[in-house]
Amino acid sequence: AVEGTGLAFIVYSEAIKNMPLSQLWSVLYFVMLLLLGMGSMLGNITAIITPLRDFKVVSCISDEILNGVVCLLCLLLGLGFTTSSGNYWFTMFNDYGATFSLLFIVLIEVITVSYFYGIRRFVCFFYDNVCFLCILFCLYCINYSQL
């Protein structure tokens, strides 16, 4: 079975070639892929820029310059995927980048909240900012989900 980039760029392209008005469908398909990529990058850039604005060191930089620097860094990081070994790099990032690293980040967050910030302070923060039923549900999960 074909998966990943082969599915998007080879199999669908062959299927569109056999449709009536294939030129129209192929243009619409690749415009859809372009807009999908741009929408994903908009969310990713926003997720990077928003925490950066919270730092006091970066807050003195104007918004336009910060956005430009982040976009330039993302462009430079993405250039490696356009080389002849770009498909290899994509496969490596796709297979290994989002599994172990994400699990490691979640583990660090749990340890930080549990031991350094403290469960009581975390529950008080929830009590101040979230409804009371959510707090009861969270306390129930914390107390009775341990093995």
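This is a predicted model: local features need pLDDT of at least 70, side-chain atom pairs count only at pLDDT 80 or more; totals for chains, interfaces and linings use all residues.

**Stop one: helix 6 and helix 7.** Select residues 100-129 for helix 6 and 132-144 for helix 7; their axes sit 8 Å apart, at an angle of about 155 degrees. Now show side chains. From helix 6, Val 123, Phe 126 and Tyr 127 make the contact, and helix 7 brings Phe 132, Ile 135, Cys 138 and Leu 139. By class, that contact has seven nonpolar residues, with no polar and no charged ones.

**Stop two: helix 2 and helix 4.** Next, pick residues 22-54 (helix 2) and 63-78 (helix 4), whose axes come within 11 Å and cross at roughly 130 degrees. That angle makes helix 2 oblique to helix 4. Which residues of helix 2 and helix 4 meet here? On the helix 2 side, pick out Ile 45, Ile 48, Ile 49, Leu 52 and Arg 53; they meet Asp 63, Leu 66, Asn 67, Val 70, Cys 71 and Cys 74 in helix 4. By class, this contact has eight nonpolar residues, one polar and two charged.

**Stop three: an aromatic pair.** The model has three aromatic pairs. For one of them, select Phe 81 and Phe 93: the rings are edge-to-face, 5.3 Å centre to centre, with 75 degrees between the planes. Phe 81 lies in the loop between helix 4 and helix 5 (86-97) and Phe 93 in helix 5, so the pair ties together parts twelve residues apart in sequence.

**Last stop: the annotated spans.** Colour residues 27-53, 65-90, 96-118 and 125-145, which an unreviewed UniProt entry lists as "transmembrane region". In the model, residues 27-53 are 100% helix and 0% strand, with the end C-alpha atoms 38 Å apart. Residues 96-118 are 91% helix and 0% strand, and the end C-alpha atoms there are 32 Å apart.

Notes
Residues are numbered from 1 along each chain as its sequence is written. Side-chain values use heavy atoms; hydrogens and water are left out. UniProt positions are given in the numbering used here, feature names are shortened, and annotations may be inferred rather than shown by experiment. Helices (H or I, at least four residues) and strands (E, at least two) are DSSP runs, numbered from the N terminus. Axes are lines fitted to C-alpha atoms, for helices over the stretch in contact, and angles run from 0 to 180 degrees between N-to-C directions. Angles under 35 degrees count as roughly parallel, over 145 as roughly antiparallel, 65 to 115 as roughly perpendicular and the rest as oblique. Contact means heavy atoms within 4.5 Å. Ala, Val, Leu, Ile, Met, Phe, Trp, Tyr, Cys and Pro count as nonpolar, Asp, Glu, Lys and Arg as charged, and the others, Gly among them, as polar. Rings of Phe, Tyr and Trp (its six-membered ring) pair if their centres lie within 6.5 Å; planes under 30 degrees apart count as stacked, over 60 as edge-to-face and the rest as tilted.
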